[in-house]
Amino acid sequence: CFVMAADDSIKLMGDSTARRLVLWQCSNAHPIMVQANADRDYKHCLVEDVDVIMYQLRPSAHDWMLASSAVIASVRSGDSHIEDFTFRDIRIESPYLFRVIDIYNLDTAKVTAYWLGETSPAKHTRLQNFVFENIQVNSPVLYFKSLVRSDYPDSLSKVTFQDLVINGTR
């Protein structure tokens, strides 16, 4: 399957599989995105055997863009549980990448966008069991390192990387 998009190419919303795809990502959004702003749980997703062809313009200095631009992204503001997501056998080629992976459970008092719901210490996402296996990246320009973090304590756990190779470096 070939997908060319100017918004999120694959939006993962739980109990789904995306396999044997070629994604040509235009200059907006993410090739692979865990749905960002709903107050519901998303579980059991598999993305495997995917080629990403991407050219991403340098994002604006807006805090949302700086926090979210990536090939594989889960930038969350919903009150939910996100768990058991596997990303396997993914090949990424681009002359420029802002960031490869972005798993960020954000505090909307720090990072805002008009489509995000408000978060708080009592109402935010819990993320667990994210697995990244055999990810190959070829890009002469990487603007930022991958981001894996949560603005809320004890709400991000069990993130595993195995065989992540960026420009020949494991």
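Predicted model: local features only at pLDDT ≥ 70, side-chain atom pairs only at ≥ 80, totals over all residues.

Reader: Start with the rings. How many aromatic pairs does a search of the whole structure find?

Author: A general idea comes before the count. A pair of aromatic rings is described by the distance of the centres and the angle of the planes. Here the search finds eight aromatic pairs. Take phenylalanine 98 and tyrosine 143. Their ring centres are 5.2 Å apart and their planes stand at 25°, so this pair is stacked.

Reader: Where do phenylalanine 98 and tyrosine 143 lie?

Author: Both are in loops. Phenylalanine 98 is in the loop between strand S7 (81-93) and strand S8 (101-105). Tyrosine 143 is in the loop between strand S9 (126-138) and strand S10 (147-150). The pair therefore ties together parts that are 45 residues apart in sequence.

Reader: Is phenylalanine 98 buried or exposed?

Author: Read the relative accessible area. Buried means under 20%. Phenylalanine 98 has 0%, so it is buried. Tyrosine 143, at 32%, counts as partly exposed.

Reader: Give me another ring pair. How are the rings of phenylalanine 132 and phenylalanine 161 arranged?

Author: They are stacked, because their centres are 5.0 Å apart and their planes are at 10°. This pair also links distant parts of the chain. Phenylalanine 132 is in strand S9, phenylalanine 161 is in strand S11 (residues 156-166), and 29 residues separate them. Phenylalanine 132 is buried at 1%. Phenylalanine 161 is partly exposed at 39%.

Reader: Which residues do ring pairs link into a cluster?

Author: The cluster holds Phe85, Phe87, Phe130, Phe132 and Phe161.

Reader: Now charges. How many salt bridges are there?

Author: Side chains of opposite charge can pair when their charged atoms come close. In this model the count comes to 13 salt bridges. One of them joins aspartate 79 and arginine 126, with N to O at 3.6 Å. Aspartate 79 is in the loop between strand S6 (72-76) and S7, and arginine 126 is in strand S9. They are 47 residues apart. Aspartate 79 is partly exposed at 31%. Arginine 126 is partly exposed too, at 28%.

Reader: What joins the side chains of arginine 88 and glutamate 133?

Author: A salt bridge, with N to O at 2.9 Å. Arginine 88 is in strand S7 and glutamate 133 in strand S9, so the pair ties together parts 45 residues apart in sequence. Arginine 88 is partly exposed at 26%. Glutamate 133 is partly exposed at 23%.

Reader: Which residues are linked in a network of salt bridges?

Author: Arg19, Glu48, Arg88 and Glu133. Look at glutamate 48 next. Its place is in strand S5 (residues 42-54). Glutamate 48 is buried, because its relative accessible area is 13%. Its side chain makes a polar contact of 2.9 Å with the side chain of arginine 88.

Reader: What does glutamate 48 touch, not counting residues up to four places away in sequence?

Author: Glutamate 48 touches Ala18, Arg19, Arg20, Arg88 and Asp89.

Reader: Now the other single residue. Where does aspartate 151 lie?

Author: Aspartate 151 is in the loop between S10 and S11. With a relative accessible area of 14%, aspartate 151 is buried. Aspartate 151 forms a salt bridge with arginine 149, the closest N and O atoms being 2.4 Å apart. Arginine 149 is partly exposed, at 35%.

Reader: Which backbone atom does the side chain of aspartate 151 reach?

Author: The backbone nitrogen of aspartate 107, at 2.8 Å. Leaving aside neighbours within four places in sequence, aspartate 151 is in contact with Tyr104, Asn105, Leu106, Asp107 and Lys110.

Reader: Last, the surface. Which residues make the nonpolar patch?

Author: Phe2, Met4, Trp24 and Ile53 make a nonpolar surface patch of about 420 Å². Isoleucine 53 is found in strand S5. Isoleucine 53 is partly exposed, with a relative accessible area of 37%.

Notes. Residues numbered from 1 in each chain as written. Heavy atoms only, no water. Helix = DSSP H or I, 4+ residues; strand = E, 2+ residues; numbered from the N terminus. Buried < 20%, exposed > 50% of the residue type's maximum accessible area, 1.4 Å probe, protein only. Polar contact = N/O pair within 3.5 Å; in protein donor to acceptor, adjacent residues only side chain to side chain. Contact = heavy atoms within 4.5 Å. Phe/Tyr/Trp six-rings, centres within 6.5 Å; stacked < 30°, edge-to-face > 60°. Patch = residues over 30% accessible without salt bridge, like charges linked within 9 Å, V, L, I, M, F, W, Y side chains within 5 Å. Areas by Shrake-Rupley, 256 points an atom, 1.4 Å probe, with all protein chains shown as cover. Salt bridge = Lys/Arg side-chain N within 4 Å of Asp/Glu carboxyl O.
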